[in-house]
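Welcome to this guided tour. Open the structure in your viewer, keep the selection tool handy, and let's walk through it stop by stop.

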Amino acid sequence: MMKSEKEVIQIIDKILQLIYDGTDEELNEAIYEMEASVPFYSKIYNMIFFSNEELTAEEIYQKAKAEHKPILL
């Protein structure tokens, strides 16, 4: 189910916190929730886990959204 921008940013923030303070199970649940909530989840995932930039949850969302190029059929 698609979530609002605010809800997705909250999920990203939750993931950022769980990386340091959560269990693997909690982190995986949050990642799955993000995956089901936004079409450009892979860009968000890559920014969280593979980027050297220090970004807030909102910055990650906005940057991923700006880089997202949907496939038009």
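**First stop: the aromatic rings**

Searching the whole structure turns up 3 aromatic pairs (rings of Phe, Tyr and Trp, with its six-membered ring, pair if their centres lie within 6.5 Å; planes under 30 degrees apart count as stacked, over 60 as edge-to-face and the rest as tilted). Select Phe 40 and Tyr 61: their ring centres are 5.6 Å apart and their planes stand at 55°, so this pair is tilted. Phe 40 sits in the loop between helix 2 and helix 3 while Tyr 61 belongs to helix 4, so the pair ties together parts that are 21 residues apart in sequence. Helices here (H or I, at least four residues) and strands (E, at least two) are DSSP runs, numbered from the N terminus.

Are these two residues buried or exposed? Phe 40 is buried at 7% relative accessibility, and Tyr 61 is buried with a relative accessible area of 7%. Buried means under 20% relative accessible area, exposed over 50%, and partly exposed in between (1.4 Å probe, protein chains only). Now select Tyr 45, Phe 49 and Phe 50, which form one aromatic cluster.

A word about what you are viewing: this is a predicted model, in which local features need pLDDT of at least 70 and side-chain atom pairs count only at pLDDT 80 or more, while totals for chains, interfaces and linings use all residues. Residues are numbered from 1 along each chain as its sequence is written, and side-chain values use heavy atoms, with hydrogens and water left out.

**Zoom out: the whole chain**

Switch to a cartoon view. The secondary structure of the protein chain comes to 4 helices and 0 strands, giving the pattern α-α-α-α along the sequence. The radius of gyration is 12 Å, close to the 11 Å that the globule rule gives for 73 residues, so the protein chain is as compact as a globular protein of that length. That radius is taken over C-alpha atoms, and the globule rule is 2.2 Å times the number of residues to the power 0.38. Along its principal axes, the C-alpha trace spans about 40 × 30 × 20 Å. Of the 73 residues, 27% count as buried.

The protein chain exposes about 5300 Å², with carbon and sulfur atoms supplying 51% of it; accessible areas come from the Shrake-Rupley method with a 1.4 Å probe, and for residues only the protein chains shown count as cover.

**Into the core**

Hide the surface and select Ile 12, Ile 15, Met 34, Ile 44 and Tyr 61. These have the most contacts inside the largest nonpolar core, which has 19 residues. Such a core is a set of buried Ala, Val, Leu, Ile, Met, Phe, Trp, Tyr and Cys residues joined through side-chain atoms within 4.5 Å. Helix 1 (5-21), helix 2 (24-35), helix 3 (41-50) and helix 4 (57-67) each supply at least two residues of this core. Which helix gives the largest share? That is helix 1, with 6 residues.

Centre the view on Ile 44. Leaving aside neighbours within four places in sequence, Ile 44 is in contact (heavy atoms within 4.5 Å) with Val 8, Ile 12, Met 34, Val 38, Ile 60, Tyr 61 and Ala 64.

In helix 3, select the buried residues Ile 44, Met 47 and Ile 48. They cover an arc of only 95° around the axis, which puts them on the same side of helix 3; the arc is that of the directions from the helix axis to the C-beta atoms. These buried residues pack against helix 1, helix 2 and helix 4.

Move to helix 4, where the buried residues are Ala 57, Ile 60, Tyr 61 and Ala 64. Seen down the axis, they fall within an arc of 95°, so they line one face of helix 4. Their cover includes helix 1 and helix 3.

Ser 37 lies in the loop between helix 2 and helix 3 and is buried, with a relative accessible area of 2%. Not counting residues up to four places away in sequence, Ser 37 touches Met 1, Met 2, Lys 3, Val 8 and Ile 11.

His 68 is in the segment after helix 4 and counts as partly exposed at 25% relative accessibility. Beyond residues up to four places away in sequence, His 68 touches Pro 39, Phe 40 and Lys 43.

Finish at Tyr 20 in helix 1, which counts as exposed at 72% relative accessibility. The C-alpha atoms of Tyr 20 and Glu 58 are separated by 19 Å.
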